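Please look over the sequence and the three-dimensional model below before reading on.

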Amino acid sequence: MAAAVGASILWPDALIDQEILAGGLALIPALLLAHYRGWPLVTVLLGVGLVALVIMHLSPLYFGAALRGPFLILFVVAPYISIALGAGWFGEVRRYQAELRATQLQLIQSEKLDSIGRMAAGVAHEVKNPLMMILTGIKVLAKRVPATDEQTRLLLHDMEEAVERADRIIGGLLNYSRDRDLDLASADLNDTIERSTMLVKHDLENAHITLVSNPAPGLPKLLLDEFKMQQVFVNLVTNAIHAIERDGEIRITTSLEKMTRAARSGHRMADRFSPGERVVVVRIEDSGPGIPEEYLVKIFDPFFSTKPTGRGTGLGLSVSQQIVEMHGGAIDVGNRETGGARVTVTLKVDREGAPS
Amino acid sequence: MRKRRILLVDDEASITRALAMYLTENGDCEVCVENKGSRALAAARSFKPDLIFLDIVMPDADGGALAAEIQGDPVLKGTPIVFLTALVSRRETGGTTMTIGGYPFLAKPVHPETVLASIGEHARERA
């Protein structure tokens, strides 16, 4: 319609057929847009439409007035339909490309973790023995050092802490290398979270952090490895505590949701969930400073840590991710618009073998 | 009451040396060390320990098999055994009682205080 009005203003009736010009004007921007966006099929369709209009104009004898109206409608409307179809089709292609890339990245990550696991299993035994020797030696010396020699005692204390740290790292590494089977049982996720938070109660109190729980009532039971999932939530809450450091709030919310197409496009979601699938979502939000954008892409990498040396092994999130994915779920980390970080754990409700 | 006799079987000589030193100096223990798994049975027969700390993975012997041999030996039968192992982490053992093949175990690196406590808990009492 707009094109027809434009045509009547620009060109008098006597000079050019306004209906055909209107169709042509409508086609040209659509053609340019399709060409610019790189949609070859749509470009060709529009090109054909434009050429057909030119032919109609140049050969009026073959296109009687009775046919011109419906043809014009066809040629004016068809491009828009083509664009809509083409855009949808190309959108699908792009989504599949993104999902393929996410799957490839996941595969690379998985292979990387497998390599670490194999290495850890081999190294752990060799490392734990010298650690034990050092620890025992420290204890022998500590008994011999006079109580007045504070500097030596402090030195021995630091050495013992170093051994503990090395042991924690080795222990974390070993989590990759074994026990990949889950001990699944029907469980209430809200109860699992509550038991997990009890384990970090003292850390919360010491840091003056308030824990706010919003458990969704009547959540369906899930098939969970209770021990491993507790490990996940302890890790996530501990991370939040470390991020806040002191005086703040951690909010844990659970909800029963249906997976939407938009939510499914998040990290690692596409290949795990179908649109419309029932999921239980746990959101852990903290009032800390949030996570710098550049860290978000590598936050699940083993040994990546923003914590000061000695405070974190850099394995907590990697282990948590592994456990959640073993449950067929997904974990995502991001920043809240109002500040602070948000970790989202998504678990399937209707897993094979899950209680109905 | 006489000192408790503790046999340490581990192929890591540095561990047994340090642990023997700690137990001798800080516990009421008489300690015998054997760094060859294949000679552990003979050492046990000779020493007649009240408790054996036994490494599981040794180059020349399997701790599990050795424990079975000890329990099958007419002289040593009933001697308490505690495994020392690097196969599991201390965190995994937690506060729960865990056993391997029915024997309690301590996960390396284990605090010598914990070894002492284990002696108090498991060593055979003899007048």
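Predicted model: local features only at pLDDT ≥ 70, side-chain atom pairs only at ≥ 80, totals over all residues.

Residues are numbered from 1 along each chain as its sequence is written, chains are lettered from A and ligands numbered from 1 in the order in which they are written, and side-chain values use heavy atoms, with hydrogens and water left out.

Chain A holds 11 helices and 7 strands (DSSP runs numbered from the N terminus: helices are H or I with at least four residues, strands E with at least two). Of its 356 residues, 41% are buried, that is, under 20% relative accessible area with a 1.4 Å probe, counting protein chains only.

In chain A, 5 strands form an open sheet with mixed pairing, in the order 2-4-5-7-6; two strands pair if DSSP finds at least two bridges between them. Strand 2 (209-214) and strand 6 of chain A each have a single partner strand, so they stand at the edges and one side of each lacks a neighbour in the sheet. From one strand to the next, the twist averages 15°. Strand 2 and strand 4 of chain A pair in the parallel sense over 6 bridges, and A:Val212 has A:Arg251 in strand 4 as its bridge partner.

The largest nonpolar core has 40 residues, of which A:Leu189, A:Phe233, A:Leu236 and A:Ile250 touch the most other members. Such a core is a set of buried Ala, Val, Leu, Ile, Met, Phe, Trp, Tyr and Cys residues joined through side-chain atoms within 4.5 Å. Which elements of chain A give two or more residues to this core? Among them are helix 6 (189-199), helix 8 (226-244), strand 4 (248-258) and strand 5 (278-286). Helix 8 of chain A gives the most, with 9 residues.

In helix 2 (residues 40-47) of chain B, the buried residues are B:Ala40, B:Leu41, B:Ala43, B:Ala44 and B:Phe47. They lie on the same side of the helix, because they cover an arc of only 160° around the axis, taken from the directions from the helix axis to the C-beta atoms. An α-helix has 3.6 residues a turn, so residues three or four places apart point the same way. After helix 2 of chain B comes B:Lys48, whose phi is positive, near 55°.

How values were computed: Buried < 20%, exposed > 50% of the residue type's maximum accessible area, 1.4 Å probe, protein only. Axes fitted to C-alpha atoms, helices over the stretch in contact; angles between N-to-C directions.
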